[in-house]
Amino acid sequence: MVPCDGAGKEVVPEAVKVLRAAGADFEFEELDINADAYLRDGVPIPADAWKKLAAADAILFGAVGDPRVPDPNYLAGVLLRLRFELDLYVNLRPAKLYDDRLSPLRREERRHIDLMVVRENTEGAYVGMGGRFKKGTADEVAIQEDVNTHLGVMRIIEHAFQIAKNEVVMVDKSNAMTFAGGLWQERWKDVARAHPAIKTRHLFVDAAAMQLVKDPSQFDVIVTSNLFGDVLSDLTAELVGGMGIAPSANINPKTGRGLFEPVHGTAPDIAGKGLVNPIGAILSAGMMVQHLGHHEMASAIEGAVESAIRAGECTRDVGGNLSTSQAGDAVVKRLRD
Ligand code: ATP
């Protein structure tokens with residue numbers, strides 16, 4: 001467990017509470033990786049903690065970031081290091097509507113939302129390559145590289161086909177970003193050819209954003225790059241109730257390594273006041289047990305969450321009036337019933 005900072009410190013204990021109530025017979029160990037430790041020791045992840053993370057069956061993560069640490073090396077040294085060095089190349093961000101009242105869409109027939117954003121998690125615009133030349137002058141040049149590899153693009157598209165039941169939609173911007181887009185298009189066609197039973201569709205990212213708002217019920221699996229997946233998955237989260245309930249999994253299907261975390265960040269505006277919704281973290285723990293092969297436990301957790309949300313036994317952001325820990329208890333109660 002790496003609760004880390006802000007809202008993460010409040011939601012991870014709720015997820016663990018739910019896992020225990022669901023009967024998870026795991027050994028839990030909490031690691032002291034957070035902004036306080038970084039300010040004290042100057043190291044994002046100490047060597048002994050790294051060894052434990054690299055050896056763990058799964059990592060349950062909260063959120064990283066602190067206004068006292070503007071240094072980008074902290075974020076890069078914690079979450080990006082874990083994603084990159086454990087090669088967690090698949091970022092799964094599901095969006096499922098558990099109750100009609102959480103949808104911002106007017107038309108009822110468009111509210112059957114149950115989709116998955118499959119985001120490439122180890123390359124693209126987030127690799128930190130580039131630089132700033134003549135920094136701070138009127139002649140400054142800033143270059144941020146977008147890295148796309150044959151292997152990286154192929155394996156993420158392949159994973160999308162592995163999990164799709166009906167259709168895979170590939171999203172890129174190959175009309176404007178022709179080099180990276182060309183590679184995505186070629187790998188997409190290759191991999192799609194090997195999966196004739198699954199329908200395929202391609203959308204440019206601007207059209208995908210428009211279609212997601214217009215009628216999200218048309219989507220099953222969307223596969224895309226690191227940057228586009230980051231943006232579109234915030235949009236899909238809002239379509240089903242907001243950041244408070246959006247879960248995610250960062251996995252390497254080949255090695256079995258996995259890190260599970262809510263999509264939201266540290267939410268400094270509400271952290272520490274008992275207002276943070278623990279559902280995103282609880283559903284991430286559900287994805288964790290699913291990944292570890294405990295399918296019934298995963299369904300039980302999701303069912304308990306859905307029932308608590310429908311009953312309005314949840315935090316304010318999703319229409320209830322419970323505190324963070326009461327909202328966790330509402331899920332626990334349903335698992336025990
Ligand atoms: P960070 O800089 O760590 O990403 P942030 O505030 O910029 O933090 P998020 O933490 O993703 O980004 O949150 C955006 C907004 O969504 C928050 O200001 C908060 O109001 C709301 N929010 C985020 N997480 C939750 C949550 N678990 N429960 C309720 N509201 C949340």
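**Glu261**

I began with the side chain of Glu261, which a polar contact of 3.2 Å joins to the side chain of Asn250, and I then noted a polar contact of 2.9 Å between the side chains of Glu261 and Arg83. I keep in mind throughout that this is a predicted model. Glu261 belongs to strand 11, residues 258–262, and I found it buried, because its relative accessible area is 5%, where the cut-off for buried is under 20%. I also listed what Glu261 touches once its neighbours within four places in sequence are set aside, and the contacts are Phe61, Gly62, Leu79, Arg83, Pro247, Ser248, Asn250 and Ser284.

**Ligand site**

Next I looked up what surrounds the ligand, and I wrote down Met243, Gly244, His264, Gly265, Thr266, Ala267, Pro268, Asp269, Ile270, Val276, Asn277 and Asp317. Sorted by class, this shell holds five nonpolar, five polar and two charged residues. The ligand taken alone exposes 600 Å², of which the protein buries 63%.

**Helix 3**

Which residues of helix 3 are buried? In this helix, residues 47–55, I found Ala49, Trp50 and Leu53 to be the buried ones. They sit on the same side of helix 3, because they cover an arc of only 100° around the axis. On the face turned away from the buried side I noted the exposed residues Ala47, Asp48, Lys51 and Ala55. I then checked what covers the buried residues of helix 3, and the cover includes strand 1 (2–4), strand 2 (59–63) and helix 4 (72–85).

**Positive phi**

Last, I looked at backbone angles, with the reminder that most residues other than glycine have a negative phi. Cys4, although not a glycine, has a positive phi of about 70°; Cys4 is placed in strand 1 and is buried, with a relative accessible area of 2%. Lys134, again not a glycine, has a positive phi of about 55°. I located Lys134 in the loop between strand 5 (130–133) and strand 6 (141–144), and I recorded Lys134 as partly exposed, with a relative accessible area of 42%.

Methods:
Residues numbered from 1 in each chain as written. Predicted model: local features only at pLDDT ≥ 70, side-chain atom pairs only at ≥ 80, totals over all residues. Heavy atoms only, no water. Buried < 20%, exposed > 50% of the residue type's maximum accessible area, 1.4 Å probe, protein only. Helix = DSSP H or I, 4+ residues; strand = E, 2+ residues; numbered from the N terminus. Arc of directions from axis to C-beta. Contact = heavy atoms within 4.5 Å. Near = heavy atom within 4 Å. Areas by Shrake-Rupley, 256 points an atom, 1.4 Å probe, with all protein chains shown as cover. Nonpolar A, V, L, I, M, F, W, Y, C, P; charged D, E, K, R; others polar. Polar contact = N/O pair within 3.5 Å; in protein donor to acceptor, adjacent residues only side chain to side chain.
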